[in-house]
Amino acid sequence: MAQSSHAVVIGGGIGGLTAAVALHRAGRRVTVLERAGSLEPAGAGISLSPNALRALDVIGLGDEIRGLAAWQGDGGLRTPSGRWLMRSDGAAVAERLGGPIVLLHRATLIDRLADRLPPGTVRTGAPATLADPGDAAGRPARVTTPDGDLEADLVVAADGIHSAVRRALFPGHPGVVYSGFTTWRITMPLPGVEVAPHETWGRGRLWGTQPMKDGRVYAYAAALEPAGERAPDGDEKAELVRRFGDWHDPVPAVLAAARPGDVLRHDVHHIAEPPPAFHSGRVVLLGDAAHAMPPLLGQGGNQAIEDAIVLAHAVSRRSASGGTSTTDALATYTAARLPRTMTIVRKAVGTARLNLMPSRPGIVVRDALVSGVSRVAPTLFLRGLDDIVGWRPPQQPYASGEAPVGNP
């Protein structure tokens, strides 16, 4: 297919690279501009649910990622003492959700996406500034880089939660708000320790330990905390030991094996008020730049992947029809993605309030409810995810065979 239209992607994360691959497959010449000196992401895992895996089918990556699923046995939800509130079988969960949940390192997914792009597509160490969003009358968008300006028929802003492009397009938008809690993440080998995947809810705190296919363990924690707080001695491993060291096994073993440099800590922010649109002129917002959300539903990266596939579909339909402008195609993208993603943002905010409940009486009621419902109707909690994980990509054909057509 001839490649006559130029798309510039600002940001080389998961959403930006998925968009680049999808646009390249749709016949676009693509340039990815990444500010960092390499594509290597922060050392953390990402959970991919069936909706994102179906999206990856469109670009031929879904089956490959499904093969990295590690959850084969029992797991579930626990209290800090180790009591199980809810038990889940990995195979049963996959059957109920329509596919596995795959936990892998972000670097693994980044590498596999980048491998699907032509050499020279990705420029690292390349900060970019939106100079002109372009317009429907035919004026191209323009992006400024240290090596000169680039003109593009389409600019994809995948520049993260504090997106400079979002601020440039919608200067009156309030931006992100603090979600009320901070998170820690660790990815590390844990030889000799058998880990059942679990999440544990305490009072205003939670912990999760998840095995990965490559033998490493991904552990994460969250706690209600004022924004900007850090360990008083700068040692976040020691802070985790103070907060979680007396919780059930294998939490102490994970903490004992972790090195201080393994621990990443970040405050969590989200977009409470959506932008007026996810596009303006020839520029489109994608992923956290459009709809940053708390991570407790595990959907941030999944929704960015969905965004990328829907965007490529919208602009490829425009190219095929010959009569639809880029700006019209981006309006179609906004109409498809803004309501869905902001609904998920609100759901993630509500989930965080439940999981990090600070009230002792509330925790007693919550835990009793979870335990009782899990015994009487084990799949009830999973049903609440149907509208999220049941999403299917909007177009055919697919490079993988797992994703029948659905709605964008």
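Is Tyr-220 buried or exposed? The points below start there.

1. Tyr-220 is buried, at 18% relative accessible area. The cut-offs: buried is under 20% relative accessible area, exposed is over 50%, and partly exposed lies in between (1.4 Å probe, protein chains only). This is a predicted model, where local features need pLDDT of at least 70, side-chain atom pairs count only at pLDDT 80 or more, and totals for chains, interfaces and linings use all residues. Residues are numbered from 1 along each chain as its sequence is written, and side-chain values use heavy atoms, with hydrogens and water left out.

2. Aromatic pairs come to 4. Rings of Phe, Tyr and Trp (its six-membered ring) pair if their centres lie within 6.5 Å; planes under 30 degrees apart are stacked, over 60 edge-to-face, the rest tilted. One of the pairs joins Tyr-218 and Tyr-220. Their centres are 5.7 Å apart, with 40° between the planes, and the pair is tilted. Tyr-218 is buried too, at 9% relative accessibility.

3. Phe-244 and Trp-247 also pair. Their ring centres are 4.8 Å apart and the planes stand at 80°, so this pair is edge-to-face. Phe-244 is buried at 0% relative accessible area. Trp-247 is buried at 6%.

4. Phe-244 and Trp-247 belong to one aromatic cluster with Trp-184 and Trp-207.

5. Two arginines deserve a look. The charged end of Arg-205 sits over the ring of Phe-244, 5.7 Å from its centre. The rule: NZ of Lys or CZ of Arg within 6 Å of the ring centre and within 35 degrees of the ring normal. Arg-87 lies over the face of Trp-84, 4.0 Å from the ring centre.
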